[in-house]
Amino acid sequence: MRLLIAAALALSATAATAADPLAPTGRWTANTRGAAATPPMGWNSWNAFRTEVNEEKVLGAAQALVDTGLAKLGYRYVNIDDGWWLKRRVSDGRLQVRTAIFPSAAGGGFRPFTDKLHSMGLKAGIYTDLGRNACSQAYDLKSPNLPVGTAEEREVGLYGHIDGDIRLFFADWGFDYIKVDSCGLTDYAPGRDHVLSQGYRPLVPLIDRGGPARTDIVKVRGLYTEVADALARYNPDGDYVFSICAWGQANVRAWGKQVGNLWRTSDDITPNWSRMLHTFDSASGRALYAQPGGWNDPDMLFIGAGDFDENHLVEARSHFSLWAIANAPLLIGYDLRNAPKSLLDIWGNADVVAINQDSGGHQGVIAYDSDDLQIIVKTLSDGSKAVALFNRGLAPVEATLTADHLKFASESPIQLKDLWSKEALAPFTGERSFTLAPRETRLFRASGTRALADGMYLSELPGNVNVAEDGVVNPEPDPMIHRALSPWSGSRSSGERPNYAGWGGAQADASPYGQPLQVAGRRFGSGIGILSGSRLEVRNAGARRFSAVVGVDDWTRNPAAKVRFYVYGDGRLLASTAALTAGAAPVPISADVSGVKIVELVVRGEGQPTSVVWGEAALSASPRA
Ligand code: GLA
């Protein structure tokens, strides 16, 4: 009988949790599978060679990584992108490598190739698609390296083959990294020109680029989750990386962190300044959605080409500085067999790489924002900060860095080390101004006295925060992303419109809709802005007190709503507020979190979400205020 009651209680608890996404779990639920404690680093064939990849080019890049010392700096993944496949053998479903370009696979597979990379101390990456067909089969129809054979033989993607292909790639062939693209789910609608001309089997799209209501978010996420589960199955040692390539579609910017190790936040980068701004912006506003094990991916580096080539080193260094401070994966996309020293010095800047690879995993947060100048600040695990002063435009700008941007005390000296020139600047107090050349980024390591002496604001620690529920009910496109002239269609289309869901998501030091944090007229320089109907999981590494000043955001879209704030420690309620409405003065909330591993911050509201403020939310060492 007792057992029955216990079982019934357990069942009802599960049912309650399933029914109530805001119920505390006492757990950290962001993805921790795979091997991506810091952003992945390495090389990928696509930006250098597109589908015209071959073994010589890839092994040449691998050898260069070793010879130049880049491998020692952490560039260890050598990833083949689209173009490697010949066909799928219909009798047993096994994929065949195009051995004309990968001769070492002549014996039947990629094992000799991955063995070779492993013997060089490197790791091997492969590419596939979640649909039946790949991107090149829609967009590179003149490529010499398209799959061949019958329609069925040319179905080289994972659709219907997830288990078998993942087993082949990892258990049989020994790969360590996989990029899973989504053109097969997107670009093979019945009646499309290439579907007809190439005789492909059509697939009603699960993703409609730019048509969220016609995108099946649940199914897309479900398929990527099937891949994640297969990867765990065939990599019992956990040594693998799962790269989701859904280009910011299907609301992946919200759920990527639950499923993969990195997820593309936008369409492809091209070697154009304006396009780089676009892909960067798609990731830079999402600091709270990345953490060790899962990273926003604004696409691979394009250093060495176009606006980032040897004649544009200011731009190339900016590109690298931005990827570093945003915790973006650092995947070189250049033919490394012929790299000039000026470019090697960029990828090889150990101080900049160290910013990206810092073990805290805190993505840089935008401390000052404009279309001209951005100041981005990243907390490092030794308590110092990295700061990027980024001139986005073509005119010189005056950038004033303040102690407030760094959350340092304004009366104490601040030291800056320039991570490109290596110069240590004379200490200053309060603020210091810089003139930035067009498109220049100054990147510094900063040390000073913390403004909050015995603790850290949560907005300084995005790597310790998992946005388990952000309260967004209907995905809305993010309008804060630079709109580039299309590198593919120029002004022939209707132009770049906001396209990637995620607007209204949780923000560090800003409201969900990009305003400063403010409650009943009181501004908060630090804090988290989020919608009601939300739950944050916060890792607590030994702090004894959580505190915040909370209320409804003055910019709320739903001023009638009433909300309550709750703080949990390892699943137990520690503190809560009375019901608060728009215009009500902010109220303090705090709790003793000694010994607590996971602090959960929940905001419940009635009806439509309203935006709220966890002002000055912080974890501190002392148990009392
Ligand atoms: C898509 C991806 C790119 C690349 C190509 C390959 O466009 O976003 O990164 O993998 O496909 O065809």
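1. Two strands count as paired if DSSP finds at least two bridges between them. The structure under discussion is a predicted model. On this criterion, strand 24 (residues 534-539) pairs with strand 30 in the antiparallel sense, over six bridges. Within strand 30, Ile 598 is the residue that stands opposite Arg 539.

2. Strand 30 also runs antiparallel to strand 26 (residues 562-569), to which seven bridges join it. Here Val 599 of strand 30 is the bridge partner of Gly 569. Strand 30 itself, spanning residues 598-605, is mostly covered, with six of its eight residues buried.

3. A separate point concerns an open sheet of five strands, ordered 11-12-13-17-15 with antiparallel pairing. Its edges are strand 11 (365-368) and strand 15 (415-418), each of which pairs on one side only. On average, neighbouring strands of this sheet are turned by 30 degrees against each other, direction ignored.

4. Inside that sheet, strand 12 (residues 373-379) and strand 13 (residues 385-391) run antiparallel and are joined by seven bridges. Val 377 stands opposite Val 387 of strand 13. Helix 12 (residues 273-284) lies across strand 11, strand 12 and strand 13, and runs at about 140 degrees to strand 13.

5. Phe 242 belongs to strand 7 (residues 241-245). Its relative accessible area is 1%, so Phe 242 is classed as buried, the cut-off being under 20%. Leaving aside residues up to four places away in sequence, Phe 242 touches several residues, including Ile 178, Tyr 224, Leu 231 and Leu 262. The C-alpha atoms of Phe 242 and Gly 293 are separated by 10.0 Å, the two residues being 51 residues apart along the chain.

Terms used. Residues numbered from 1 in each chain as written. Predicted model: local features only at pLDDT ≥ 70, side-chain atom pairs only at ≥ 80, totals over all residues. Heavy atoms only, no water. Helix = DSSP H or I, 4+ residues; strand = E, 2+ residues; numbered from the N terminus. Buried < 20%, exposed > 50% of the residue type's maximum accessible area, 1.4 Å probe, protein only. Contact = heavy atoms within 4.5 Å. Axes fitted to C-alpha atoms, helices over the stretch in contact; angles between N-to-C directions.
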